[in-house]
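Q: Can you walk me through this one? I have a few quick things to ask.

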Amino acid sequence: MLDKVQEEIIADFEMFDDPDDRLQYLIDMADECHQIDERHKTEQYLIDGCQSRVWIDAELRDGKVYFTGDADALIVKGIAGLLIRALGGRTPQEILQTELYFIDRIGIRSYLSPTRANGLSEMLSQMKRYALAFSAAQGQ
């Protein structure tokens with residue numbers, strides 16, 4: 001199921017030949033980010049290692065993980081939106097077992113400074129830590 005979502009993301013980006021158009025599409029994806037509750041914009045939910053301020057939260061409902069996020073930079077918020085799209089609504093085990101190949105296929109890292117690339121890795125790591133915690137709480 002995750003592969004289908006990743007393939008959809010790849011297809012969305014392949015519509016654009018120009019790297020600037022792809023970057024603009026990534027920025028437009030900021031609107032797709034499931035907005036984190038304002039009360040969760042605290043240090044507890046802040047992602048370390050990113051030059052922008054990024055917050056990610058997760059909730060387990062009916063055995064599936066749902067993420068919300070926000071960032072103070074549109075590119076980073078767009079990245080968070082893509083990660084939420086790819087991983088949200090999945091079981092903790094699905095999240096933990098999935099390699100997100102779409103990141104390399106759409107060339108997203110080429111748009112990022114080293115600190116933003118580090119932030120991408122940290123966002124993904126945090127999302128997997130949430131999945132791990134939910135999996136452990138379920139006794140899996």
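What follows is a short chat about this predicted model.

Q: What does the secondary structure of the chain come to?
A: Six helices and two strands. From the N terminus on, the order is α-α-β-β-α-α-α-α.

Q: How compact is the chain?
A: As compact as a globular protein of that length, because its radius of gyration is 14 Å and the globule rule gives 14 Å for 140 residues. The C-alpha trace spans about 45 × 30 × 25 Å along its principal axes.

Q: And how much of the chain is buried?
A: Buried residues are 49% of the 140.

Q: What share of the contacts join residues at least 24 apart?
A: 66%, taken among contacts between residues at least 6 apart in sequence.

Q: On to the largest nonpolar core. How many residues has it?
A: It has 45 residues. Those with the most contacts inside it are Ile56, Phe67, Ile79, Leu82, Leu83, Phe102 and Met123.

Q: Which elements give two or more residues to it?
A: Helix 1 (2-14), helix 2 (19-28), strand 1 (54-61), strand 2 (64-71), helix 3 (74-87), helix 5 (102-105) and helix 6 (114-137).

Q: Which gives the most?
A: Helix 3, with nine residues.

Q: Let's pick Ile56. What is it in contact with, leaving aside neighbours within four places?
A: Ile36, Tyr45, Ile47, Phe67, Thr68, Gly69, Ala80, Met123, Met127 and Tyr130.

Q: New topic: Lys128. Where does it lie?
A: In helix 6.

Q: Is Lys128 buried or exposed?
A: Lys128 is buried, and it has no salt bridge. The nearest side chain of opposite charge is Glu99, 4.8 Å away.

Q: Which backbone oxygen lies 3.3 Å from a polar atom of the Lys128 side chain?
A: That of Ile95. Not counting residues up to four places away in sequence, Lys128 touches Ile95, Leu96 and Thr98.

Q: Last one, Leu100. Where is its place?
A: In the loop between helix 4 (92-97) and helix 5.

Q: Why does Leu100 count as buried?
A: Because its relative accessible area is 9%, and buried means under 20%.

Q: What does Leu100 touch, beyond residues up to four places away?
A: Gln6, Leu83, Ala86, Leu87 and Leu124.

Q: How far apart are Leu100 and Leu87?
A: 13 residues in sequence, and 9.0 Å in space from C-alpha to C-alpha.

Notes:
Residues numbered from 1 in each chain as written. Predicted model: local features only at pLDDT ≥ 70, side-chain atom pairs only at ≥ 80, totals over all residues. Heavy atoms only, no water. Core = buried A, V, L, I, M, F, W, Y, C linked by side-chain atoms within 4.5 Å. Buried < 20%, exposed > 50% of the residue type's maximum accessible area, 1.4 Å probe, protein only. Helix = DSSP H or I, 4+ residues; strand = E, 2+ residues; numbered from the N terminus. Contact = heavy atoms within 4.5 Å. Lys, Arg positive; Asp, Glu negative; His and termini not counted. Salt bridge = Lys/Arg side-chain N within 4 Å of Asp/Glu carboxyl O. Polar contact = N/O pair within 3.5 Å; in protein donor to acceptor, adjacent residues only side chain to side chain. Rg over C-alpha atoms; globule rule 2.2 N^0.38 Å.
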